[in-house]
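This report looks at selected side-chain pairs and at the surroundings of one residue. Please keep the sequence and the structure in view while reading.

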Amino acid sequence: MTITVLVVLVNFRRTEDTLSCIQSLKQLVAPTVDLMIAVCDNESSATSATALIETLQMVPCDSKSSIADAQILTGTAGLHRCLLLLSLENTGFAGGNNLAYRAADPTGTSDYVWFLNNDTEVAPD
């Protein structure tokens, strides 16, 4: 049985921290866990968005999401699926978490949702 885990991150002008966090998440591998990483870039800057898009190799998504004022891209982070939501306005930390969660799991089907601060680095064990 596979367990689905959605990890939600918010980025605001701390792209290096966010990329380090994602790098640490890429090391998490378990045969029974389907891990998806959702990042909301909270209107940081074009430079931040570009760094996230290029590093995560993101592409525009044909999402039916009802998230207004945001662009949604998808890609991979190692073995894990990744979603990047580029918010056109800064909705704050809670708002960014909610936007990313709604875009990544609109029907609430994840078994677990992990709201993680973007300056966290996760140990592989």
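## Aromatic pair

In this predicted model, the count of aromatic pairs comes to one. Tyr 101 and Phe 115 form this pair, which is tilted, with 6.3 Å from centre to centre and 55° between the planes. The pair links distant parts of the chain, since Tyr 101 belongs to helix H3 (residues 92-104) and Phe 115 to strand E6 (residues 112-115), 14 residues apart.

Tyr 101 counts as partly exposed, at 24% relative accessibility, and Phe 115 is likewise partly exposed, with a relative accessible area of 46%.

## Salt bridges

The count of salt bridges comes to two. In one of them the side chains of Arg 81 and Asp 34 meet, at 3.0 Å from N to O, and this pair links distant parts of the chain, with Arg 81 in strand E5 (residues 80-87) and Asp 34 in strand E2, 47 residues apart. Arg 81 counts as partly exposed at 40% relative accessibility, as does Asp 34 at 27%.

Arg 14 and Asp 17 also meet through their side chains in a salt bridge, at 2.8 Å from N to O, and Asp 17 counts as partly exposed at 24% relative accessibility.

## Surroundings of Cys 40

Cys 40 lies in strand E2 (residues 33-42) and is buried, with a relative accessible area of 0%. Leaving aside residues up to four places away in sequence, Cys 40 touches several residues, including Leu 9, Val 10, Leu 85, Gly 96 and Ala 100. The C-alpha atoms of Cys 40 and Asn 98 are separated by 9.0 Å, although these residues are 58 residues apart along the chain.

Methods
Residues are numbered from 1 along each chain as its sequence is written. This is a predicted model: local features need pLDDT of at least 70, side-chain atom pairs count only at pLDDT 80 or more; totals for chains, interfaces and linings use all residues. Side-chain values use heavy atoms; hydrogens and water are left out. Rings of Phe, Tyr and Trp (its six-membered ring) pair if their centres lie within 6.5 Å; planes under 30 degrees apart count as stacked, over 60 as edge-to-face and the rest as tilted. Helices (H or I, at least four residues) and strands (E, at least two) are DSSP runs, numbered from the N terminus. Buried means under 20% relative accessible area, exposed over 50%, partly exposed in between (1.4 Å probe, protein chains only). Contact means heavy atoms within 4.5 Å. A salt bridge is a side-chain nitrogen of Lys or Arg within 4 Å of a carboxyl oxygen of Asp or Glu.
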